[in-house]
Amino acid sequence: MKIISYFFSSIFALVFFLSLLIFHPLQWIGLKIGYQSHKNMVDILNWVLTKSLLIIGTTVRFTETYPIPKNTSIIFVANHQGLFDITPMIWYLRKYHTKFVSKIELGKGIPGVSYNLTHGGSVLIDRKDARQALTAIKDFGKYIEENKYAAVIFPEGTRSKDGVPKRFSENGLKMLTKFVPSAYVIPVTINNCWKLNKFGMFPLEVGINVTFEFHKPIKASSMQFDD
């Protein structure tokens, strides 16, 4: 089975990295035209990356237990299982203008990805500098509130390698709920994505069914944060 994983993972890796390289200059051109053009390039890129998972037999399914509110700010709060949590969420949630709370290390060196994180409205935080992180999230929250966009935060801070959620760090989410008072908080459960990295970053496991379940929206101002 691992031999099969090597074969299909090699094809997938080629498609994945070629897509990043191709869309890097397209993002640059899009940004020169304007925000929406850049966003369109990012959306198409993430559609390509999500569909490319079919090369390794991976399917992605989304379930909305409750409808996601429209025309308002949203904070999606999800467990984190790997790199491939992100591209399907960007594509599926594209109409909500979704931005990410991401670690500062991803802000450079990765074609396509780093450019979007630094120019697409997401926020990069230094996990070793609490003051920088909280100040950046504060400004990010105001940006989300003003534009009625959506934020995605992974409170675990790093991916779970076995699917068992790590301890949630609450400060980032607490800052977001404070500075995006009109937002709805929507918990998201991600299942099985960690299984793709059964053998590490390469090869990827084949034939995994990844699911994203969106739960009942909670009005941020409707209760105390601890509750």
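In the predicted model, helix α5 passes helix α6 in a right-handed crossing. Two packed helices are described by the angle between their axes and the distance between the axes. For α5, which covers residues 130-147, and α6, which covers residues 171-179, the axes come within 8 Å and cross at roughly 35°. On the side of α5, the contact is formed by Leu134, Ile137, Lys138, Phe140, Gly141, Lys142 and Glu145. On the side of α6, Asn171, Gly172, Met175, Leu176 and Phe179 take part.

Read from the N terminus, the elements follow the order α-α-β-β-α-β-α-β-α-β-α-β-β-β. The radius of gyration of the protein chain is 17 Å, close to the 17 Å given by the globule rule for 227 residues, so the chain is as compact as a globular protein of that length. The C-alpha trace spans about 50 × 40 × 35 Å along its principal axes.

Contacts and surface complete the description of the chain. Among contacts between residues at least 6 apart in sequence, 75% join residues at least 24 apart. Of the 227 residues, 45% count as buried, a residue being buried when its relative accessible area is under 20%. The accessible surface of the protein chain amounts to about 11,900 Å², and carbon and sulfur atoms account for 60% of this surface.

Methods. Residues numbered from 1 in each chain as written. Predicted model: local features only at pLDDT ≥ 70, side-chain atom pairs only at ≥ 80, totals over all residues. Heavy atoms only, no water. Axes fitted to C-alpha atoms, helices over the stretch in contact; angles between N-to-C directions. Helix = DSSP H or I, 4+ residues; strand = E, 2+ residues; numbered from the N terminus. Left-handed = near helix turned anticlockwise from the far one by under 90°. Contact = heavy atoms within 4.5 Å. Rg over C-alpha atoms; globule rule 2.2 N^0.38 Å. Buried < 20%, exposed > 50% of the residue type's maximum accessible area, 1.4 Å probe, protein only. Areas by Shrake-Rupley, 256 points an atom, 1.4 Å probe, with all protein chains shown as cover.
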